[in-house]
Amino acid sequence: MGTVIKLRQLATQQNMYRLIVYTNDKYEQEASAVSINKRLAEELRKLKPTRRTMQLEKCFNKILDSLPEKVVIKDIDVMFNPAYRVDVIRILVEANKRHPFSLVWSGRYDDNRLLYSEEDLADYKAYEISDYDIVCVA
């Protein structure tokens, strides 16, 4: 389902309802992207640690709802906490269905996968782009 395109192809994409993930660190609008890491961490700190995994998606949606539609967000690192056993990309895709946004990826793009962290670290995640309804701009 997921596809990878170049930035110049973005304007021709017909499936703009899909989550757009910018994987290139040279993405020109990154400076205007809204960082949500601190706000999300503050929301999660209000909860008991045992409830955070179950409430992560709700907290993310609360923050997203406070932002304008089609906003570009960045800095979602808190979502990758290994204690939260969640599929971060699935949460993002579902949130995008109710409140469209784009994302500057916090990790790397390699061989049709989105990678977060390093393989030997506890927060390492690898996501096959084809498994998700997203458009990755490489």
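Predicted model: local features only at pLDDT ≥ 70, side-chain atom pairs only at ≥ 80, totals over all residues.
Six strands make up an open sheet, ordered β1-β9-β2-β5-β4-β3, with parallel pairing. At its edges stand β1 (3–5) and β3 (34–35); each has a single partner strand, so one side of each has no neighbour in the sheet. If you follow the order from β1, you come to β9, and these two strands pair in the parallel sense over three bridges. Here I5 has V137 in β9 as its bridge partner. On to β2, which pairs with β9, again in the parallel sense, over four bridges; I20 has V135 in β9 as its bridge partner. Three bridges then join β2 to β5, and these strands run parallel. Look for Y22, which stands opposite V104 in β5.

Now for the helices. In α1, the buried residues are L40, E43 and L44. These residues cover an arc of only 95° around the axis, which puts them on the same side of α1. K38 and R45, on the other side of α1, are exposed. And what do the buried residues of α1 pack against? They pack against α2.

The helix α2 has 14 residues and reaches 19 Å from its first C-alpha to its last, close to the 20 Å expected at 1.5 Å a residue. Its buried residues are R52, Q55, L56, C59, F60, N61, I63 and L64. The buried residues of α2 pack against α1, β4, α3 and β5.

Which residues does L92 touch, leaving aside its neighbours within four places in sequence? L92 is in contact with L19, F60, I76, M79, F101 and L103.

Finally, the charged side chains: the count comes to seven salt bridges. One of them joins E57 and R90 at 3.1 Å, N to O. E57 lies in helix α2 and R90 in helix α3, so this pair ties together parts that are 33 residues apart in sequence. E57 is partly exposed at 25% relative accessible area, and R90 is also partly exposed, at 37%.

Another salt bridge, of 3.1 Å from N to O, links E94 and K97. Both residues lie in helix α3, three residues apart, about one turn of the helix. E94 is partly exposed at 32% relative accessibility, whereas K97 is exposed at 59%. Elsewhere, salt bridges that share partners join E43, K46 and K62 into one network. E43 is buried, with a relative accessible area of 15%, while K46 is exposed at 59%.

How values were computed:
Residues numbered from 1 in each chain as written. Heavy atoms only, no water. Contact = heavy atoms within 4.5 Å. Pairing = 2+ DSSP bridges. Buried < 20%, exposed > 50% of the residue type's maximum accessible area, 1.4 Å probe, protein only. Arc of directions from axis to C-beta. Expected span 1.5 Å × (residues − 1). Salt bridge = Lys/Arg side-chain N within 4 Å of Asp/Glu carboxyl O.
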